[in-house]
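Work through these exercises with the sequence and model open. Try each task before reading its solution.

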Amino acid sequence: MPPLSFRYDAQGVACIAGARIPDLASAFGTPLYLYDEGELRTRLAQYAAAAGAGNVAYASKALLIGRIAKLVAEEGMLLDVVGQGELEFALRVGFPPERILLHGVYKSFAALQRAAKEGVGRVVVDSMEEIAAIGKAAREAGRTQEVLIRLQLGIDPHTHPSLSTSVPLSQFGITIEDGQALEAVRRALAEEGVALRGYHSHIGSAIEELEPFRRAAEALGDFAVHAHAGTNFWPEELDLGGGLGIQPEAPAPLDVAQAARDGLAPFAADLGLPLPRLMFEPGRYIVGPSGITVYRVAGRKKVGDGRTYLFVDGGMSDNPRPALYGAYPEMAAAREGGDETELVDVAGLHCETGDVLARGVRLPILQTGDFLLALDTGAYNHSMASHYNRVPTPPVVFVQDGVARPATRRDSLADWLRFEVGI
Ligand SMILES: Cc1ncc(COP(=O)(O)O)c(C=O)c1O
């Protein structure tokens, strides 16, 4: 799904947020990450309408740059960060610490100390041994650290195995059946400096159905009842993580929030206890369809079986997702072509057979130097970009009402040479 503002103008030139894409590509160079700022705000607002702005933590791993942190802060939302790297970045760009949730399958003690010192809103406990460390860091800082416990619910979200994070044997969350989760609740309640607020679960990413979210809410409700029987603790908050997909048939945030409420309500009602505050951590849903990548066609080649490779001036260094888990983006030409089209595979410039961005796509006949667009590439590309083959990371440019505002610049050989030692 391209940004809603994506269209071809009367001259057949592709536009985003009212600006002509080839003009932007000529001004900023390629590859180029373009974001429709209005669409980012609209998507954040959809989640705010579904759950309340203060209950939505944008998952910054999907794209963490200063501009997006600012936008999330302006919309009154929370920020989910992973580990000390994202935490430091969020703090340095001025995101309010009390609105940050710190995640990580493992968190260094330094990260926990920093979180405690800065007054980070929530730390999400991902292992039993972390509880004592969180307590120690909080006591050192003279604070109480509010926490959620991440549970492994054993739910299959019907997505790619690499994107399923709460299935049995996953490394994320604390398991329930073997009693570890209940023990974690006991320990968190007993640990000085730790205040348990509730539970967390993120079942996976790119989920296109409603049912897994309802089942996750039911499993959280079931555990909450079980833990209440053992400890008398009833959660104030339940965080269902992110994971909503972006295909046209995927449910809307409102539907997900409603399914979660429906799943939970009977458990709270049975005990006569209040429905906990429901929280969400969307990443891909916010930035995925809001962003596109612009490439320049760098050449073409025919191979044995007659297929044509169209080469572009980027690839797995700026868009690793096709190589990682077969997430091929939709491709579009930057100018409408004539009637003649061809079937091509789009390959990147890297020394990897897997560096193919699209297989068997029909495009107008493109020549070297033409621009080619990869749609739906706003999530997990800039954040997972690499310098493989010493290729620079493309700049991020936000566009609104026809006006382009650069948010990051392209890095360069000069930047990298600063890290060299002894040459
Ligand atoms: C704990 C947690 N929350 C939220 C997200 C965001 O997921 P998505 O981008 O699919 O919404 C992730 C993704 O890995 C995650 O691990």
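**Exercise 1: a parallel strand pair**

Find the bridge partner of Gln 145 in S11.
Solution. In S11, Gln 145 has Val 194 as its bridge partner. This is a predicted model, in which local features need pLDDT of at least 70, side-chain atom pairs count only at pLDDT 80 or more, and totals for chains, interfaces and linings use all residues. Residues are numbered from 1 along each chain as its sequence is written. Helices (H or I, at least four residues) and strands (E, at least two) are DSSP runs, numbered from the N terminus. Two strands pair if DSSP finds at least two bridges between them. S9 and S11 pass that test: they pair in the parallel sense over 6 bridges.

Next, follow S11 to S12.
Solution. Start with the pairing: S11 and strand S12 (residues 237-239) are parallel, over 3 bridges. S11, helix H8 (residues 211-231) and S12 make a right-handed β-α-β unit. Right-handed means that, with the strands pointing away from the viewer, the path from the first strand over the helix to the second runs clockwise.

**Exercise 2: burial**

How many of the 7 residues of strand S11 are buried?
Solution. Set the cut-offs. A residue is buried if 20 or more other C-beta atoms lie within 10 Å of its own, exposed if 12 or fewer, and partly exposed in between; C-beta atoms are placed from the backbone. Strand S11 (residues 194-200) has 5 of its 7 residues buried, so by this definition it is mostly covered. For the protein chain, buried residues make up 46% of the 423 residues.

Which residues of helix H5 (residues 109-118) are buried, and what covers them?
Solution. The buried ones are Ala 111, Leu 112, Arg 114, Ala 115 and Ala 116. Their cover includes helix H4 (83-92), strand S7 (100-103), strand S8 (122-125), helix H6 (130-141) and strand S9 (145-152). Step past the helix end: just after H5, Gly 119 takes a positive phi of about 80°.

**Exercise 3: two domains**

Describe how the domains meet.
Solution. Bounds come from an automatic or database domain assignment. Domain 1 is 7-35 + 289-417, and domain 2 is 57-281. Their C-alpha centres lie 34 Å apart. The contact takes 13 residues from domain 1 and 10 residues from domain 2. Here two residues are in contact if their C-beta atoms, placed from the backbone, lie within 7 Å. On the domain 1 side, helix H11 (321-325) and strand S20 (396-400) are the elements that give two or more residues.
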